[in-house]
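Morning, everyone. Please bring the structure up on your screens, and follow along as I talk.

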Amino acid sequence: MSASEKKRFGIVALGLTFLSFLFFQLFYAYHLFFKEQIQLFLFNSDYFLSYFNKPAWLACYAGDYLTQFFYLRGGGATVLSLLFCLEWLLCSFVIKRISATKNAPLWGLFPVAIDWMLHCDLLYRVSASVGFILVLILFLIYSSISKRWLSTAFGLIMAFIGYWLAGSSFLVFPLLIMVYDWEKGRSYLLKWLLIGAVIFLIPIALRHYYLLTITQSYIYPAMNLQSILLRASLILVLMAAFFLKRFEVKYSRIFNITIPFAFIFLLLFGIRANASFDREKILSLDNEFYFGNTDRVIELSQKYNLKSRSATYFTNMALAKKGELPEYLLDFYQPAASGLILPVMPDENWQSIFVSNEVFFLLGDMNLAQHSAMLGNTFSPYQRSSRMIKRLAEINMVNEDSAGANKYLRILSKTLFHKKWAESRQAMNHVSASDKWLIGKRAQIPQVDTLRKSNYYLTSLSFLVEQNPNNLIALDYLLCYHLLNKDLKSFRKVYDQYGRLINRPVPSLYGEALLIQLLSSQASQDEVASYAISPKKIKDFADYTQLFEKTKGEINALSGRFGKSYWFYYHFATIQKR
Amino acid sequence: MTLNEFNIKNILQAIGGWRLAAGNWLLATGFFLLVLSSCSEKVSPTDVLKEKPSLFPDYVGVTIPATIAPLNFKVKAEYTAIDAVIKGRNNQVIHLQDAKEICIPVSKWTKMLSGSKGDSLQITVSIKQHDKWKQYAPFAMYVSTTPIDYGLVYRLIAPGYEVYSKMGIYQRNLSNFDQSPIVENTLIPGSCVNCHSFRQSNTKDMSFHIRGKKGGTALISNGKMNLLNTKTDKTMSNFVYPFWHPSGNYIAYSVNNTHQVFHEAAGKRVEVGDAASDVVVYDIKNNQAISCNLLMQDSIFETFPSFSADGRTLYFCRAAHKKMPAEFNEVRYNLCSISFNPDNGTFGDRIDTLFNAVALQKSVTFPRPSPDGKYIMFTLIDYGNFSIWHKEADLYLLDLKTKSTRRIDEVNSDDTESYHSWSSNSRWFVFSSRRMDGLYTRPFIAYLDENGKAGKPFLLPQKDTEYYDRLLFSFNIPEFVNEKVDVNIPELEKLLESPLKKVTFKQ
């Protein structure tokens with residue numbers, strides 16, 4: 001390699017690593033956290049052996065091993081950027097070896113751009129990239145064997161075990177060796193046919209053993225068809241490099257400008273097509289809530305102003321945790337009451353089911369929290385999620401079910417990054433009688449039993465409040481549930497029964513709702529006064545009523561000053577029944 | 001919750017983790033080789049105890065079949081080494097030592113069991129603590145002369161209640177640790193596979209349901225597979241709980257309108273109850289569901305049907321209709337029967353009560369007659385029919401000759417004992433229990449002697465003693481099978497793409 005080539009390699013490698021790190025760290029970090037949360041990597045033999053139940057055991061094991069580093073801040077971006085760098089380096093070597101082009105380092109960027117784009121998908125696994133890298137390495141080994149019989153033997157052995165090691169990425173292997181042999185002027189039709197047939201038939205032949213559908217068998221370990229773009233991109237790039245090679249000396253400057261430009265265009269187009277920055281925002285709210293940063297959730301939610309049920313769900317929980325739900329509820333988008341609790345139904349997407357336990361855990365409804373967490377774990381793509389196992393451990397600790405809690409904590413003790421957490425919870429479990437957090441959570445659990453369907457939220461919330469009127473989060477959720485459904489009679493009934501017992505100034509939203517209810521029920525002055533609603537609120541209500549009458553309910557005239565009041569919501573929000 | 005900082009220490013720790021995994025493998029292999037070459041440390045106990053060891057799984061004093069896989073175990077204590085000397089008949093000895101657990105080589109174990117039938121193994125366990133060996137009193141495992149079936153078939157499912165993601169029906173060879181899938185729902189995305197059933201352990205006659213967009217009841221009769229649409233105009237649902245007629249010509253099913261509700265208080269979790277249910281019998285030859293008024297009463301819940309060993313009686317559970325879920329804890333099922341004529345598929349005109357659970361303020365579920373016709377084993381709970389989440393659920397045995405019933409205290413625990421199934425010779429039974437962690441059901445196998453007395457049950461052995469600890473799936477519906485099940489998956493796939501065979505109804 002010449003000095004200029006070395007320099008070129010160095011610049012591309014550094015640039016690619018730096019750019020990809022920046023992208024995933026600054027714009028896509030929460031996706032990477034989430035990817036770690038939906039898997040569970042254990043250090044034990046039994047877990048290792050479970051990888052042999054499906055193809056691509058080596059790619060999957062190595063990929064999942066690397067994914068556990070996504071737990072660390074910056075860990076995901078570091079792993080991916082280094083992986084891309086290695087992938088690019090190997091692609092460049094492969095392209096150079098086959099086509100002998102001078103521009104191999106530039107052509108090698110295209111498969112990386114595709115892989116980068118694919119990693120923007122929540123379900124795209126690191127294993128798919130590792131599988132691709134393994135194939136590139138195997139090809140380089142093949143191409144460095146000079147003895148004909150040895151390379152044929154290697155190709156044949158790999159044909160039989162490649163799918164087992166690397167999965168569907170290996171389907172590109174026969175094409176690579178065919179192009180390589182052909183380029184070297186060696187025509188081995190029988191060898192190509194034999195190796196190609198074995199490699200292409202193995203997935204279909206083994207799919208019943210691995211219990212995979214035809215599509216799954218040809219894309220494994222990836223989960224959607226889009227993943228074949230990675231393999232396709234390498235073939236296309238090889239073809240382009242091969243056919244354009246004759247022009248690269250004459251038009252070297254054009255190549256030097258056009259290829260990087262095309263790479264950037266492809267990358268931007270791919271990211272735009274495949275990345276979901278709205279989902280990144282929602283995941284940021286989810287993760288910050290999960291990390292316990294409620295202020296950050298509210299701050300981000302204000303910044304994003306998303307019209308999304310999921311975003312509202314995390315925002316409402318953060319507000320409730322701070323005791324501010326009835327103050328700022330309407331500062332955020334509220335899709336009636338459906339932003340309070342996420343349903344666990346067969347028609348819900350798996351991400352929604354995955355996070356649905358959070359609110360039940362917050363409210364103290366441990367049975368539904370356990371139900372949702374178990375389903376969250378089952379519905380997560382690999383059916384073993386570190387986040388769900390942690391939640392299940394906590395639920396069992398709160399329920400004083402040590403056998404159950406210990407089971408989950410023992411599982412976590414076999415991990416690299418959740419081990420400390422498990423040890424701390426184990427210690428907490430031993431002094432549970434004096435642990436403040438556990439005492440608080442246990443106090444939320446009703447002592448009397450009743451039955452309810454999993455989606456009868458009103459029944460659940462009412463029961464939680466009835467059993468424990470000091471459960472302020474449950475009370476606020478119940479009251480807000482009524483308010484968001486515009487059921488003021490039920491709201492007032494609950495407020496009179498439980499809300500008035502709480503020693504706090506009448507929250508803004510409740511004051512506004514009470515004034516509507518008191519007015520419509522023609523309450524006396526004394527009755528109104530008994531609620532101790534602030535005089536300013538009463539004056540605002542008078543102003544609102546006056547303006548409403550004056551403008552004959554003109555929405556634009558009211559929205560400026562009163563757009564975030566309950567009066568405005570009550571008059572103008574329309575509720576659609578699902 | 002805070003994230004660890006990304007620093008060099010963590011990276012080194014992670015790399016250390018990888019090395020640890022690799023190191024464990026090397027260590028395990030190395031140690032294995034060490035043991036094989038009989039280089040284990042000589043045990044000279046400084047402390048000889050009178051009590052027997054507390055093992056996990058608890059295999060002390062169990063009765064086992066001669067073809068069971070090695071009963072690997074560890075002692076419930078902290079130690080740096082464990083030593084076991086297993087003595088069989090004719091001076092056969094297996095001596096093992098390990099840092100963590102006793103893993104018995106399959107071939108040596110199989111040979112020892114085979115040579116010790118009708119006798120017992122004597123096992124002496126020692127553990128090393130603080131560089132000193134402590135020896136426990138020897139304990140026995142009784143090797144029965146009565147054979148057990150080839151294997152078990154069970155569903156592995158997360159206890160996630162009503163919606164489903166990944167699950168599968170698996171088979172396990174009882175003489176070793178081989179487990180293989182029969183069908184997984186990864187093959188039929190978005191589906192639920194459930195309620196596998198065999199004709200008295202015979203794998204040539206099998207049925208299971210596939211629920212979902214593409215689904216039906218897979219029926220394998222005499223090795224030939226069909227996929228049925230079991231919803232008829234006269235029945236409220238698809239077929240649910242199955243039981244094969246001993247002739248192989250009929251399968252009894254319940255049809256249920258099922259609802260799931262959740263408890264609020266800790267300790268109890270979920271209830272599944274029927275708003276309505278009936279019992280039908282599917283006539284395989286005529287592709288027809290048959291029933292009678294006595295099995296389809298609106299004022300009665302009928303469920304969990306099963307046939308007697310001679311096929312002339314249909315047992316089922318029967319409860320007075322209650323408003324659900326308001327009166328969920330007032331629903332109680334008796335064990336009842338009605339005569340059945342397999343020659344023409346007709347029912348008797350009278351229902352008999354075999355066990356009046358209602359009078360005891362209890363409820364019967366899963367009545368399972370033994371193939372030799374001597375007993376019915378059932379689960380008894382306080383109310384309802386979803387015994388799987390009832391901690392008080394225990395197994396009972398009804399002697400059909402004397403009509404006496406007793407709780408099988410030899411096998412019950414403080415936690416749930418629920419689904420159970422007989423071996424083809426009626427001398428072993430498998431049951432699911434939540435006794436280990438209260439959350440996940442695990443399969444236990446017990447021996448029943450000629451007088452109806454059960455031996456101490458043993459947990460289905462696994463190669464690694466921590467297997468159950470890590471497993472996030474419950475063992476659902478464990479059933480004995482007499483040989484390896486072979487479901488033709490390509491044929492099943494074809495059937496799923498074809499129109500289903502529609503079942504008709506005759507009353």
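Start with a sheet in chain B. Five strands form an open sheet here, in the order 13-14-15-16-35, with mixed pairing. Keep in mind that this is a predicted model. Which strands stand at the edges? They are strand 13, residues 192–199, and strand 35, residues 501–502, of chain B. Each has a single partner strand, so one side of each is left without a neighbour in the sheet.

Now go to strands 15 and 16 of chain B. Strand 15 covers residues 216–221, and strand 16 covers residues 224–229. The two run antiparallel, joined by five bridges. Take one position: Ala218(B) has Leu227(B), in strand 16 of chain B, as its bridge partner. In general, strands of a sheet pair through backbone hydrogen bonds, parallel or antiparallel.

What lies across these two strands? Helix 4 of chain B, residues 489–497, lies across strand 15 and strand 16. Helix 4 runs at about 30 degrees to strand 16 of chain B.

Step back to the whole of chain B. How many helices and strands does chain B have? Four helices and 36 strands. Its radius of gyration is 25 Å, close to the 23 Å that the globule rule gives for 507 residues, so chain B is as compact as a globular protein of that length. Along the principal axes, the C-alpha atoms of chain B fill a box of roughly 75 × 60 × 45 Å. Of the 507 residues in chain B, 46% are buried. Now take the contacts in chain B with a separation of 6 or more: 57% of them come from residues 24 or more positions apart.

Next, domains. Chain B is divided into domain 1, 47–144, and domain 2, 151–502. Their C-alpha centres lie 35 Å apart. Do look at where they meet. There, 21 residues of domain 1 of chain B are in contact with 13 residues of domain 2 of chain B. On the domain 1 side, strand 3, residues 63–65, and helix 2, residues 106–115, of chain B each supply at least two residues. Strand 3 of chain B gives the most to that side, with three residues. By class, that side of domain 1 of chain B has 13 nonpolar, six polar and two charged residues.

Over to chain A. The domain assignment gives domain 1 (3–275), domain 2 (279–444) and domain 3 (503–578). The C-alpha centres of domain 1 and domain 3 of chain A are separated by 61 Å.

One helix pair in chain A deserves a look. Helix 5, residues 75–99, packs with helix 10, residues 173–183, of chain A at an angle of about 35 degrees. Their axes are 8 Å apart. From helix 5 of chain A come Val94(A), Arg97(A) and Ile98(A). They meet Leu176(A), Val179(A), Tyr180(A) and Glu183(A) in helix 10 of chain A. The residues of this contact divide into five nonpolar, no polar and two charged.

Last stop: helix 23 of chain A, residues 402–412. Why is helix 23 of chain A largely enclosed by the rest of the structure? Because eight of its eleven residues are buried. Among them are Gly404(A), Asn406(A), Lys407(A) and Tyr408(A). And what covers the buried residues of helix 23 of chain A? The cover includes helix 22 (386–398) and helix 24 (419–430) of chain A, together with helix 3 (467–470) of chain B.

Note on methods. Residues are numbered from 1 along each chain as its sequence is written. Chains are lettered from A and ligands numbered from 1 in the order in which they are written. This is a predicted model: local features need pLDDT of at least 70, side-chain atom pairs count only at pLDDT 80 or more; totals for chains, interfaces and linings use all residues. Domain bounds come from an automatic or database domain assignment. Two residues are in contact if their C-beta atoms, placed from the backbone, lie within 7 Å. Ala, Val, Leu, Ile, Met, Phe, Trp, Tyr, Cys and Pro count as nonpolar, Asp, Glu, Lys and Arg as charged, and the others, Gly among them, as polar. Axes are lines fitted to C-alpha atoms, for helices over the stretch in contact, and angles run from 0 to 180 degrees between N-to-C directions. A residue is buried if 20 or more other C-beta atoms lie within 10 Å of its own, exposed if 12 or fewer, and partly exposed in between; C-beta atoms are placed from the backbone. Two strands pair if DSSP finds at least two bridges between them. The radius of gyration is taken over C-alpha atoms; the globule rule is 2.2 Å times the number of residues to the power 0.38.
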